[in-house]
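Hi everyone, thanks for coming.

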Amino acid sequence: MLKSALLYIATLIVIGVLAFKVDLPITDAQKILFCSVTKVMLVIAALCFIVGEISRNFSQVDKLWSLVPVLYAWVATVQGGMEPRMVLAASVATVWGIRLTFNFARHGGYSWKFWTGNEDYRWEHVRKMPGLGNPVMWALFDLGFISLYQNALLLGLALPIVLLHGTGEPTLVDYAIAALFIGFVLMESLADEQQQKFQNEKKRRIKAGQNLDGDYANGFISTGLWSRSRHPNYFAEQSLWVTFFLFSVSATGLLNWTIAGSLLLIMLFRASSNLSENIQAGKYPSYPEYQKRVPRFLPKIF
């Protein structure tokens, strides 16, 4: 995990340098927007690190995951003069943020003591990995990867909106992109709802002392969207941010450097799903067979 984190941070730096040297230059007005949202991101990353180290709950970024891309989008949009094209992109990002915030809240992610709440179970496993048991190394990991890298990635997801500044009114292509984005939000909602109902029913049966059969005996869901993809929610999440990047392609007519955010998200989800699946395979004996039968992300059609 430590090597992977260093690789992701290095990739972020390399992509950033290459983007500004090779890609078409952004306008002075777009640079102002970029600098504004970057300053906000650095403040948030610092707060996540400080609160995490004090509270020893390292899911501070998780609490903000559904909020800060929306914040960055609206900071850029407001500072950019509320141009209609930017408002459209920020609005669909807001729909995503509301949906994901609700889903995180119903799983106990928030508390009135904002620094508490459930910590992602995977961080406990990561802390036990070689090289991260030392408090100093863990603090560096927290600063460099959990706080700074993840917040930089979330900023990267919203950055396509910067390239919309000064590009005119929304087109039919923009509205089609917005509709596709909402479609992936609905897919992610359905996947999360199926998972939530399954877990609630499994817990109810266990509490009632009932026999578990089918998926409930296996311990994990493999029906509905989960029969087509092992992580349909992850697939939808990655896809919707690639779709959000297409707003910038529609505006500029070119592939551009803001694709870095969605590419880095795909890398992160690959590593995150590796960790989750290793835990699942060790916990549920039938999970390896499920891995052979069902694709990880891209849903099978037939």
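Predicted model: local features only at pLDDT ≥ 70, side-chain atom pairs only at ≥ 80, totals over all residues.

Let's start with the overall picture. The chain has 12 helices and zero strands. If you follow the elements from the N terminus on, you read α-α-α-α-α-α-α-α-α-α-α-α. Along the principal axes, the C-alpha atoms fill a box of roughly 65 × 50 × 35 Å. And of the 302 residues, 48% count as buried.

Now to the charged side chains. How many salt bridges does a search of the whole structure find? The search finds 10. I'll show you some of them.

Take R85 and D174 to begin with. Their side chains meet in a salt bridge, with 2.8 Å from N to O. This pair links distant parts of the chain: R85 sits in helix α5, residues 84–106, and D174 in helix α8, residues 172–208, so the two are 89 residues apart.

The next pair is E193 and R106, whose side chains meet in a salt bridge at 3.0 Å, N to O. Here again distant parts of the chain are linked, with E193 in helix α8 and R106 in helix α5, 87 residues apart. What about their surroundings? E193 has a relative accessible area of 30%, so this residue is partly exposed. R106 has 29%, which lies between 20% and 50%, so R106 is partly exposed as well.

There is also a group to look at: E201, R204, R205 and D213 are linked in a network of salt bridges.

One more salt bridge brings us to a loop. R56 pairs with E53, and the closest N and O atoms are 3.0 Å apart. R56 lies in the loop between α2, residues 28–55, and α3, residues 60–64. At 45% relative accessibility, R56 counts as partly exposed. The backbone of R56 deserves a glance too: phi is near 65 degrees, a positive value in a residue other than glycine.

M82 is another residue to look at for its backbone. M82 is not a glycine, yet it has a positive phi of about 55 degrees. You will find M82 in the loop between α4, residues 68–79, and α5. With a relative accessible area of 41%, M82 is partly exposed.

Let's turn to the inside. The structure holds one cavity of 30 Å³ or more, and the largest cavity has a volume of about 30 Å³. Which residues line the largest cavity? The lining is made of G156, L157, P160, W241, F245, T258, G261 and S262. The elements that give two or more residues to this lining are α7 (135–158), α10 (232–252) and α11 (259–283).

N278 and P288 are 10 residues apart in sequence, and their C-alpha atoms are 9.5 Å apart in space.

Last, the cysteines. How many disulfides does a search of the whole structure find? The search finds zero. As a reminder, a disulfide is a covalent bond between the sulfur atoms of two cysteines. Two of the residues you can look up here are C35 and C48. C35 counts as partly exposed at 39% relative accessibility, whereas C48 is buried, with a relative accessible area of 6%.

Definitions and conventions:
Residues numbered from 1 in each chain as written. Heavy atoms only, no water. Salt bridge = Lys/Arg side-chain N within 4 Å of Asp/Glu carboxyl O. Helix = DSSP H or I, 4+ residues; strand = E, 2+ residues; numbered from the N terminus. Buried < 20%, exposed > 50% of the residue type's maximum accessible area, 1.4 Å probe, protein only. 1 Å grid on protein atoms, 1.4 Å probe; cavity = no way out; pocket = protein on both sides within 12 Å on 5 of 7 lines; lining within 4 Å. Points joined across faces, edges and corners; volume = space filled by probe spheres on them. Disulfide = S-S within 2.5 Å.
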